[in-house]
Amino acid sequence: MAKILICDDALFARTATEKMVTDLGHEIVESAENGEQAVEAYKKYHPDLVLMDINMPGMNGLDALKEIRAYDPHARVVMLSAMGQQHNVYQAIEYGAVDFVTKPVSPELFEQALTKDLTIPTD
């Protein structure tokens, strides 16, 4: 069972992601609404994986990713983003994201991505 931090400003998206995570037997340590909350929650809980939306008010997901990786270079962050935002993939990878998943994602593809991203070495 992995400890997972979810960050998305849309309540519906957070709820859907939470359900998929818990259905797979993992623990949600926090469900944040913006990048600032995600950075604080990361420092508090040190989760095994962060699932982060990109477009959010205040601190966006890319800036939060940068801050989390500056705090912990081994942090595993998966960027979740809607269709049409693929231009952010390169920047997310440059900032240290371990994966990029396009929303909406089916439970089957979500499980595959989560399994893969939880086994990526952190050296």
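This is a predicted model: local features need pLDDT of at least 70, side-chain atom pairs count only at pLDDT 80 or more; totals for chains, interfaces and linings use all residues.
View 1. His 46 is found in the loop that runs between α2 and β3, and its phi is near 45°, a positive value in a residue other than glycine. Most residues other than glycine have a negative phi. When its neighbours within four places in sequence are left aside, His 46 is in contact with Lys 3, Ala 41 and Tyr 71. Its C-alpha atom is separated by 26 Å from that of Glu 108, a residue 62 places apart from His 46 along the chain.

**View 2. The packing of α2 against α3.** Two packed helices are described by the angle between their axes and the distance between the axes. For α2 and α3 the angle is about 20° and the axes are 9 Å apart, and the two helices are therefore roughly parallel to each other. The crossing in which α2 passes α3 is right-handed. On the side of α2 the contact is made by Gly 35, Ala 38, Val 39, Tyr 42 and Lys 43, and on the side of α3 by Ala 64, Glu 67, Ile 68 and Tyr 71. By class, the residues of this contact divide into 6 nonpolar, 1 polar and 2 charged.

**View 3. The largest nonpolar core and its neighbour.** In soluble globular proteins, nonpolar side chains tend to be buried together. The largest nonpolar core here has 24 residues, of which Leu 5, Met 52, Leu 65, Ile 68, Val 77, Met 79 and Ala 92 touch the most other members. Two or more residues are given to this core by each of the strands β1 (3–7), β2 (27–32), β3 (49–53) and β4 (77–82), and likewise by the helices α2 (35–45) and α3 (61–71). Another core, of 14 residues, lies apart from it and includes Ile 4, Ile 6, Leu 51 and Val 78. As for Ile 68, its contacts beyond the neighbours within four places in sequence are with Ala 38, Val 39, Tyr 42, Met 52, Ala 75 and Val 77.

**View 4. Ile 28 in strand β2.** Ile 28 lies in β2 and, at 24% relative accessibility, counts as partly exposed. Not counting residues up to four places away in sequence, Ile 28 touches Ile 4, Ile 6, Glu 18, Val 21 and Thr 22. Between the C-alpha atoms of Ile 28 and Val 39, which are 11 residues apart along the chain, the separation is 15 Å.

**View 5. Asn 88 in the loop between β4 and α4.** Asn 88 is found in the loop that joins β4 to α4 (89–94), and with 9% relative accessibility it counts as buried, the cut-off for that class being under 20%. Setting aside its neighbours within four places in sequence, Asn 88 is in contact with Ile 54, Leu 62 and Phe 100.

View 6. Most peptide bonds are trans. The bond from Lys 103 to Pro 104, however, is cis, with omega near -5°. Pro 104 has its place in the loop between β5 (99–103) and α5 (107–118).

How values were computed
Residues are numbered from 1 along each chain as its sequence is written. Side-chain values use heavy atoms; hydrogens and water are left out. A nonpolar core is a set of buried Ala, Val, Leu, Ile, Met, Phe, Trp, Tyr and Cys residues joined through side-chain atoms within 4.5 Å. Buried means under 20% relative accessible area, exposed over 50%, partly exposed in between (1.4 Å probe, protein chains only). Helices (H or I, at least four residues) and strands (E, at least two) are DSSP runs, numbered from the N terminus. Contact means heavy atoms within 4.5 Å. Axes are lines fitted to C-alpha atoms, for helices over the stretch in contact, and angles run from 0 to 180 degrees between N-to-C directions. Angles under 35 degrees count as roughly parallel, over 145 as roughly antiparallel, 65 to 115 as roughly perpendicular and the rest as oblique. A crossing is left-handed if the near helix is turned anticlockwise from the far one by less than a right angle, and right-handed if clockwise. Ala, Val, Leu, Ile, Met, Phe, Trp, Tyr, Cys and Pro count as nonpolar, Asp, Glu, Lys and Arg as charged, and the others, Gly among them, as polar.
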